[in-house]
Amino acid sequence: MGVAIRADLASVPDYNIPGTAPDAVLLNSNEGPLPPPPAVVEAVTRAAVEGHRYPQWFSDTLVARLAADLAVPGERIAVGCGSVSLCRDLIQAFCGPGDEVLCARRSFDAYPIFARVAGVRARTVPLDAGHRHDLEAMLAAVTPATRVVFVCNPNNPTGTAVRGRELRAFLDRLPDRILVVLDEAYREFVDDPDVPDGVELARNRPNVAVLRTFSKAYGLAGVRIGYCVAAPAVVSAVHKVSVPFAVSRLAQAAALAALDRPEEVRSRSAAIVRERQRYRPC
């Protein structure tokens, strides 16, 4: 074709998902087995009536609700089109030419892809023999160009988790200039009390951002909504690079309705955890 495409995009793989038949269950995407609760579906249906209206730019109503539930100021919360979009926004907000993103391998495949799309180098560190983040090796891999470090906890796709003492020691040893993104998309399925709550870690650490999503435990993968908890300056930077009106009225309504049913979400998550134990290899 005649138009010039960025040459460096040749190294970015095409995003092809196997099993895209209408009735396929995407195990490779960790889709939840249960549909949204009926009350959530009703909330989305009501919101659809106003589909001709733009949504709140920064999801203000949802931010206020999350702030109350998490006991953090609203200025520390950003809402995005799934937590994956917030991964991209954080890279765009904190990295420029010559900078690097550091993450584990294997972990969520979007991290290095988003780095490359932003024109940033992605450096990966292999998991340890137990398929866990090798935090010592990640510390050794930090360079003056490192700007963002991703720690997926629990890790996708291995399901392993970093515990509190080692994660706090890792954060203590990293330079303050580096943003550490704790991706907690699977937080609701944690049953190990030694796995730390990222929001608690972020309260007094201005270089820590926590990502969570409504896609998994809440059964809203097709609705696309997630959030980031971080220092106000980090949230402000995310707002600067986010796509305007990306989070639809339907998504905001679904998330608010889902938050009204914490017991149901906990029950669904517990059922999945029980199945995980049943299928765990001996």
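## Chatting through a predicted model

Me: Which residues form one aromatic cluster here?
Reply: Y54, W57, F58 and F245 do. Keep in mind as we go that this is a predicted model.

Me: OK. How many aromatic pairs turn up in the whole structure?
Reply: A search of the whole structure gives 7 aromatic pairs. One of the pairs is F108 with Y111, and it is edge-to-face, with 5.4 Å centre to centre and 90° between the planes.

Me: Is Y111 buried or exposed?
Reply: Y111 is buried, since its relative accessible area is 0% and anything under 20% counts as buried.

Me: Which residues other than glycine have a positive phi?
Reply: A71 is one of them, with phi near 60°. R224 is another, with phi near 70°.

Me: Where do those two sit?
Reply: A71 is in the loop between α2 and β1. R224 is in the loop between β6 (208-213) and β7 (226-229).

Me: Buried or exposed?
Reply: A71 counts as exposed at 56% relative accessibility, because the cut-off for exposed is over 50%. R224 is partly exposed, with a relative accessible area of 27%.

Me: Back to the loop between α2 and β1. Where's G74?
Reply: G74 is in that loop, which runs between α2 (60-70) and β1 (77-80). G74 is partly exposed, at a relative accessible area of 31%.

Me: What does G74 contact, leaving aside neighbours within four places in sequence?
Reply: V63 and A67. As for R163, it is 89 residues from G74 along the chain, and the C-alpha atoms of the two are separated by 28 Å.

Me: Let's do helix packing. At what angle do α2 and α9 pack?
Reply: About 25°, with the axes of α2 and α9 (residues 249-259) 10 Å apart. The two helices are therefore roughly parallel to each other, as angles under 35 degrees count that way. α2 passes α9 in a left-handed crossing.

Me: Which residues meet there?
Reply: From α2 you have T61, L62, R65, L66 and D69, and they meet A255, L256 and L259 in α9. By class, this contact has 5 nonpolar, 1 polar and 2 charged residues.

Me: And how do α1 and α9 pack?
Reply: Helix α1 (residues 38-48) packs with α9 at an angle of about 150°, with the axes 8 Å apart. That makes α1 roughly antiparallel to α9. Their crossing is right-handed.

Me: Which residues make that contact?
Reply: On the α1 side, A39, V40, A43, V44, A47 and A48; on the α9 side, R249, L250, A253, A254, A257 and A258. By class, there are 11 nonpolar, no polar and 1 charged residues.

Me: New topic. Where is C152?
Reply: C152 is in strand β4. C152 is buried, at 1% relative accessibility.

Me: What does C152 touch, not counting residues up to four places away?
Reply: S107, Y111, H133 and D183. So Y111 shows up again: besides touching C152, Y111 forms the aromatic pair with F108, because the centres of those rings lie within 6.5 Å. F170, meanwhile, is 18 residues from C152 in sequence and 14 Å away in space, C-alpha to C-alpha.

Me: Last one: which peptide bonds are cis?
Reply: Among them is the bond from R105 to R106, with omega near 5°. The bond joining N156 and P157 is cis too, with omega about 25°.

Me: Where are R106 and P157?
Reply: R106 is in the loop between β2 and α4, while P157 is in the loop between β4 and α6 (164-173).

Notes
Residues are numbered from 1 along each chain as its sequence is written. This is a predicted model: local features need pLDDT of at least 70, side-chain atom pairs count only at pLDDT 80 or more; totals for chains, interfaces and linings use all residues. Side-chain values use heavy atoms; hydrogens and water are left out. Helices (H or I, at least four residues) and strands (E, at least two) are DSSP runs, numbered from the N terminus. Buried means under 20% relative accessible area, exposed over 50%, partly exposed in between (1.4 Å probe, protein chains only). Contact means heavy atoms within 4.5 Å. Rings of Phe, Tyr and Trp (its six-membered ring) pair if their centres lie within 6.5 Å; planes under 30 degrees apart count as stacked, over 60 as edge-to-face and the rest as tilted. Axes are lines fitted to C-alpha atoms, for helices over the stretch in contact, and angles run from 0 to 180 degrees between N-to-C directions. Angles under 35 degrees count as roughly parallel, over 145 as roughly antiparallel, 65 to 115 as roughly perpendicular and the rest as oblique. A crossing is left-handed if the near helix is turned anticlockwise from the far one by less than a right angle, and right-handed if clockwise. Ala, Val, Leu, Ile, Met, Phe, Trp, Tyr, Cys and Pro count as nonpolar, Asp, Glu, Lys and Arg as charged, and the others, Gly among them, as polar.
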